[in-house]
Amino acid sequence: IDTGTRIGTVVSFLNSAAWSGAVKPAEAPVGNRAAKALKDAIIEFSDDLGFAPLVSDSRGDRFTMRAAVVLHEASLSAPNEKIDVSGLIGLGIGLTPSGDDFVTGALLAEAVFADNRNSALGRILDRSLLQDALSRTVPAGRTLLFGALKEQFPEYLLEVGRAIAGHIQGGNIRSAIAAASHHGATSGIDSCAGVWWYLDRVLKRQSGFRFH
């Protein structure tokens, strides 16, 4: 006869809120100070691994150099043409390749700024080409990008989006980037680099946006 004591744990989610990875659009165009703070924080909290050299203008490894070529070619498209960054998918090493993280960051930035009430930019990244390229990457990267294409992002990246969009009190970009830098070996910073690229290259081209 089993007379032992049995202890069980019941976990209830009845009163829990459903998590959503959706980003909240910015209430105003990004400011020079916020964009500069983003770049400075990425440089501060990176060690030039992954795609951080794209922000700091360092040489980087062969993956970074290839990424620079892809982004340069993307910059040659006409202002009203969709931008093709599908060549980044699957590029780099890691559980999620650096290119996948970078593209995810760019998609987040587009979701934050392309549709805000003071912008007529619309969506400029070519999502159909990104979708077609998903088979080129590893399962973890494919899962990340699949969610990003549906505008469902990791929480650490949502925090970055909230900071640059001004939805965090004081817009503490430095703290958001510092937290992101602890996500994976380089994934957090690679994603933030994608956010920076979108602000610096895409918004600059589309709307005369500048920062120094």
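Student: How many salt bridges does the structure hold?

Tutor: The structure holds seven salt bridges. As this is a predicted model, the values are computed from it.

Student: Let us begin with Asp40. Which side chain does Asp40 meet in a salt bridge?

Tutor: Asp40 meets the side chain of Lys36, with an N to O distance of 2.6 Å.

Student: And where do Asp40 and Lys36 lie?

Tutor: Both residues belong to helix 1, which covers residues 32–45. They are four residues apart, about one turn of the helix.

Student: What is the relative accessibility of Asp40, and what does Asp40 count as?

Tutor: Asp40 has a relative accessibility of 36%, so it counts as partly exposed. Lys36 is also partly exposed, because its relative accessibility is 33%.

Student: Moving on, which residue forms a salt bridge with Arg123?

Tutor: Arg123 forms a salt bridge with Glu151, and the closest N and O atoms are 2.2 Å apart. This pair links distant parts of the chain, 28 residues apart. Arg123 is in the loop between helix 4 (98–113) and helix 5 (127–132), while Glu151 is in the loop between helix 6 (139–149) and helix 7.

Student: What about Arg127: which side chain does it meet in a salt bridge?

Tutor: Arg127 meets Glu151, at 3.7 Å from N to O. Arg127 is in helix 5 and Glu151 is in the loop between helix 6 and helix 7, so the pair ties together parts that are 24 residues apart in sequence.

Student: Why does Arg127 count as buried?

Tutor: Its relative accessibility is 19%, and buried means under 20%.

Student: Which residues are linked in a network of salt bridges?

Tutor: The network links Glu110, Arg123, Arg127 and Glu151.

Student: A change of topic, then. Why is helix 7 described as largely enclosed by the rest of the structure?

Tutor: Helix 7 spans residues 155–165, and eight of its eleven residues are buried, so the rest of the structure largely encloses it.

Student: Which residues in helix 7 are buried?

Tutor: They are Tyr156, Leu157, Leu158, Val160, Gly161, Ala163, Ile164 and Ala165.

Student: And what follows helix 7?

Tutor: Gly166 follows helix 7, and the phi of Gly166 is positive, near 85 degrees.

Definitions and conventions:
Residues numbered from 1 in each chain as written. Predicted model: local features only at pLDDT ≥ 70, side-chain atom pairs only at ≥ 80, totals over all residues. Heavy atoms only, no water. Buried < 20%, exposed > 50% of the residue type's maximum accessible area, 1.4 Å probe, protein only. Helix = DSSP H or I, 4+ residues; strand = E, 2+ residues; numbered from the N terminus. Salt bridge = Lys/Arg side-chain N within 4 Å of Asp/Glu carboxyl O.
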